[in-house]
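Notebook open. I want to look up the sheets, the helices lying on them and the nonpolar cores.

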Amino acid sequence: MLREEDPNKAGEREQIEIALLLEGLFQLYGYDFRNYAFSSIRRRIWHRVNAERLPTITALTERVLHDRAVMNRLLTDLTIHVTEMFRDPEAFRAFRQSVVPLLRTYPFIRIWHAGCSTGEEVYSMAILLKEEGLYDKTRIYATDMNERVLETAREGVFPLERMQTFTRNYIEAGGKESFSNYYTAKYDSVLFKSELKSNIVFAQHNLVTDRSFNEFNVIFCRNVMIYFNKELQNHVHALLFESLSTFGILALGTKESINFTRHADAYEELDAHSRLYRKIKS
């Protein structure tokens with residue numbers, strides 16, 4: 001009669017399987033999820049195991065290492081893309097009130113949206129800057145590690161059914177026009193106007209493995225680091241600090257903070273509730 005396996009051994013085996021999968025994903029494809037929060041990464045891996053109708057994480061590893069299509073599906077699972085236009089409207093309203101007056105004094109503005117996902121936040125910023133008369137002197141860099149979602153961002157096509165939510169957020173964020181002025185509806189989709197893309201550069205960039213590539217006046221990195229462990233959060237904060245000009249603005253998600261990071265004393269709060277910070281030390 002077979003004895004039931006010790007739960008501690010089963011948990012240890014699972015941790016080893018996950019570590020081997022993530023190591024293989026990094027070594028073969030260059031995507032590094034090894035320092036993501038374990039509970040979150042575990043849940044997403046099991047989702048892909050079940051979706052592929054496989055018995056174990058080890059079986060998924062074998063498929064990932066030999067089938068790029070499976071790797072791409074896993075990558076989509078591992079990179080969370082929960083976003084919408086003018087998400088957290090109060091943060092965009094605070095940006096208008098606290099940051100826009102500072103940007104008016106700049107001859108040229110560089111903004112980085114790190115982890116831009118499918119681009120809703122980027123188009124939101126483009127609209128805000130147009131309404132404030134700042135877009136023509138701004139270059140927006142929108143980056144993500146996932147090329148598939150970047151392609152969606154470049155196209156600027158979104159489901160028509162989401163426009164009601166987007167419009168409500170736009171109004172609550174202090175929008176000054178009719179939101180429908182910025183897109184054309186066709187069938188069940190909308191296409192945002194090409195003029196919103198004219199000063200946007202979409203590019204692949206991995207916050208975990210890639211270096212700083214410019215100096216920015218504003219960096220948006222919202223709701224990205226909540227999926228990282230403490231070590232990786234500190235790594236990304238160092239990258240953002242290096243990339244931000246003195247007196248530049250850092251915008252984090254409402255559940256994120258610079259508190260308890262190595263660079264906490266280098267910033268001052270512009271808006272504590274909306275997580276807007278200004279870099280005051282180099």
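I take contact to mean heavy atoms within 4.5 Å. The model is predicted, so I keep its limits at hand: local features need pLDDT of at least 70, side-chain atom pairs count only at pLDDT 80 or more, and totals for chains, interfaces and linings use all residues. Residues are numbered from 1 along each chain as its sequence is written, and side-chain values use heavy atoms, with hydrogens and water left out.

**Entry 1: the sheet of 7 strands.** I use DSSP runs, numbered from the N terminus: helices are H or I with at least four residues, strands are E with at least two. Two strands pair if DSSP finds at least two bridges between them. I read an open sheet in the order β6-β2-β1-β7-β8-β10-β9, with mixed pairing. Strands β6 (200-204) and β9 (267-271) are at the edges; each has a single partner strand, so one side of each lacks a neighbour in the sheet. From one strand to the next, the twist averages 20°. I also checked β8 (residues 244-252) against β10 (residues 276-279): they pair antiparallel over 3 bridges. There, L250 stands opposite Y277 of β10.

**Entry 2: helices on the sheet.** For angles, axes are lines fitted to C-alpha atoms, for helices over the stretch in contact; angles run from 0 to 180 degrees between N-to-C directions. Helix α6 (residues 120-131) lies across β1, β2, β6 and β7, at about 170° to β2. Helix α9 (residues 230-243) lies across β1, β7, β8, β9 and β10, at about 135° to β8.

**Entry 3: cores.** A nonpolar core is a set of buried Ala, Val, Leu, Ile, Met, Phe, Trp, Tyr and Cys residues joined through side-chain atoms within 4.5 Å. Buried means under 20% relative accessible area (1.4 Å probe, protein chains only). The largest core has 45 residues, and L250 is among those with the most contacts inside it, as are W112 and F33. Helices α1, α2, α3, α4 and α9 and strands β1, β7 and β8 each supply at least two residues of this core.

Which residues does L250 contact, leaving aside its neighbours within four places in sequence? I find I219, L240, L244, I258, Y267, R275, L276 and Y277. I then noted a second, separate core of 43 residues, which includes Y106, F158, Y182 and A251.

**Entry 4: the sheet of 3 strands.** This open sheet has the order β3-β5-β4 and antiparallel pairing. The edge strands β3 (157-159) and β4 (183-186) each pair on one side only. The twist averages 30° from one strand to the next. Strands β3 and β5 (residues 189-192) are joined by 3 bridges. F158 has V190 as its bridge partner in β5.

Notes. Buried < 20%, exposed > 50% of the residue type's maximum accessible area, 1.4 Å probe, protein only.
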